[in-house]
Amino acid sequence: MSTWQLAFSTHRRKATREPEFSWLDGRGHVRVQDVPSVLPSDLLDVDRMDLMHYASKSVTPAIYSGDLPNPSRILDIGVGSGAWLRDMSALFPDCDCVGMDINNLLGPDVLSSRISYKEGDILQGLPFPDKHFDFIHQRFMVTFIPAKSWHKVARDVYRACRPGGLANFSDLDFRGMRTGPIFQQLLGAMWTGANAGGADPGLAFGLESTLQNAGFVNVRLHTYDFPVGDWGGPIGSLTRLALERTMQAIRPAVVKLGLYTEAQFDQLIAGLPEELNKCRTCMSLCAHEAWRPA
Ligand SMILES: C[S@@+](CC[C@H](N)C(=O)[O-])C[C@H]1O[C@@H](n2cnc3c(N)ncnc32)[C@H](O)[C@@H]1O
């Protein structure tokens, strides 16, 4: 760990469930069906999560989907660095915002009288009463949730959402558009790494029936396409940076699975910026909006 990383991590709270983690190349990974998650969940991932948040904000018209008048309680599942929750708290200053995570990565810069942390594992159920929240949000969690657990997750979110309340499930579409061979290999590694724990990245754009079966109505999938690579101007450069950091973050899991050596994977990442420009690659952010009937 470099000096700046150490300095950065000391102001964050210590991970609370370290013994349940797998450690790959010094990075903490939660276990998904007993396999290390393809993405890490540790203090070193906090700045990547923040980067992903700013990249997402730059490609969507709003930081959530749905017309939500004056919520009084919001839950963010898998809150991570808390960047999204902090923005929501600024939008709705009188609202109580709760961030839940299996690992406490929130710092004092996020926590306040209106933003609190609750430890919890979404796969074990939400530690909240029925009908408690006006809005429940979950983003970038598709690789952490086994496909077979999504029905349970959707039912539980429905349970904790008040009648007439809103839920959002957002994720990246890891298929990409106009992808070259390097990006295809990197995206393939992401899919294989997620599949190893039973997760299905395709659910980023395929949750409608699961949400409807859980009882949600007016379920809509919003898809926001964006450029990846410097060819796409400042937004393309930002999303390229976020994507490169994401690929670097999955490297330990990919190497552990024997898909590539470290050197091979680094070589792919190094070749990515040029290829993205050549192919004028795009990706999509997918957001499912779902309502609990009043
Ligand atoms: C990729 S980060 C996304 C963070 C945040 N949602 C965002 O959009 O920036 C995934 C987060 O989910 C958390 N997580 C993973 N598995 C979880 C589980 N079973 N229950 C609760 N949180 C979990 C990780 O600790 C990590 O903070």
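**Helix packing in a predicted model**

The buried residues of helix H4 are covered by elements that include strand E5 (73–77), strand E8 (133–139), strand E9 (161–177) and helix H6 (208–213). Helix H4 itself spans residues 150–160, and its buried positions are Trp150, Val153, Ala154, Asp156, Val157, Tyr158 and Ala160.

Helix H3 (residues 83–91) also contributes buried residues, namely Ala83, Trp84, Leu85, Arg86 and Met88. These pack against helix H2 (46–59), strand E6 (96–101) and strand E7 (115–119), as well as against E5 and E8.

Along the principal axes, its C-alpha atoms occupy a box of roughly 50 × 40 × 35 Å. A compact globule of 294 residues would have a radius of gyration near 19 Å, so the 18 Å found for this protein agrees with that expectation. Of the 294 residues, 46% count as buried. Among contacts with a separation of 6 or more, 74% join residues 24 or more positions apart.

Helix H8 (residues 262–279) takes part in two helix pairings, which may be followed in turn. In the pairing with helix H5 (residues 181–196), the two axes come within 8 Å and cross at roughly 130°. Because of this angle, H5 is oblique to H8. The crossing of H5 past H8 is left-handed. On the H5 side, the contact is formed by Ile182, Phe183, Gln185 and Leu186, which meet Leu268, Gly271, Leu272, Glu275 and Leu276 of H8. Classified by type, this contact comprises six nonpolar, two polar and one charged residues.

In the pairing with helix H7 (residues 233–256), the axes lie 10 Å apart and the packing angle is about 160°. H7 is therefore roughly antiparallel to H8. Here the crossing is right-handed, whereas that of H5 with H8 is left-handed. From H7, the residues Arg240, Glu244, Met247, Gln248, Arg251, Val254 and Val255 meet Glu262, Phe265, Ile269, Leu272, Pro273 and Leu276 in H8. This contact divides into eight nonpolar, one polar and four charged residues. Leu272 and Leu276 of H8 take part in the contact with H7 and are likewise among the H8 residues that meet H5.

Technical notes: Residues are numbered from 1 along each chain as its sequence is written. This is a predicted model: local features need pLDDT of at least 70, side-chain atom pairs count only at pLDDT 80 or more; totals for chains, interfaces and linings use all residues. The radius of gyration is taken over C-alpha atoms; the globule rule is 2.2 Å times the number of residues to the power 0.38. A residue is buried if 20 or more other C-beta atoms lie within 10 Å of its own, exposed if 12 or fewer, and partly exposed in between; C-beta atoms are placed from the backbone. Two residues are in contact if their C-beta atoms, placed from the backbone, lie within 7 Å. Axes are lines fitted to C-alpha atoms, for helices over the stretch in contact, and angles run from 0 to 180 degrees between N-to-C directions. Helices (H or I, at least four residues) and strands (E, at least two) are DSSP runs, numbered from the N terminus. Angles under 35 degrees count as roughly parallel, over 145 as roughly antiparallel, 65 to 115 as roughly perpendicular and the rest as oblique. A crossing is left-handed if the near helix is turned anticlockwise from the far one by less than a right angle, and right-handed if clockwise. Ala, Val, Leu, Ile, Met, Phe, Trp, Tyr, Cys and Pro count as nonpolar, Asp, Glu, Lys and Arg as charged, and the others, Gly among them, as polar.
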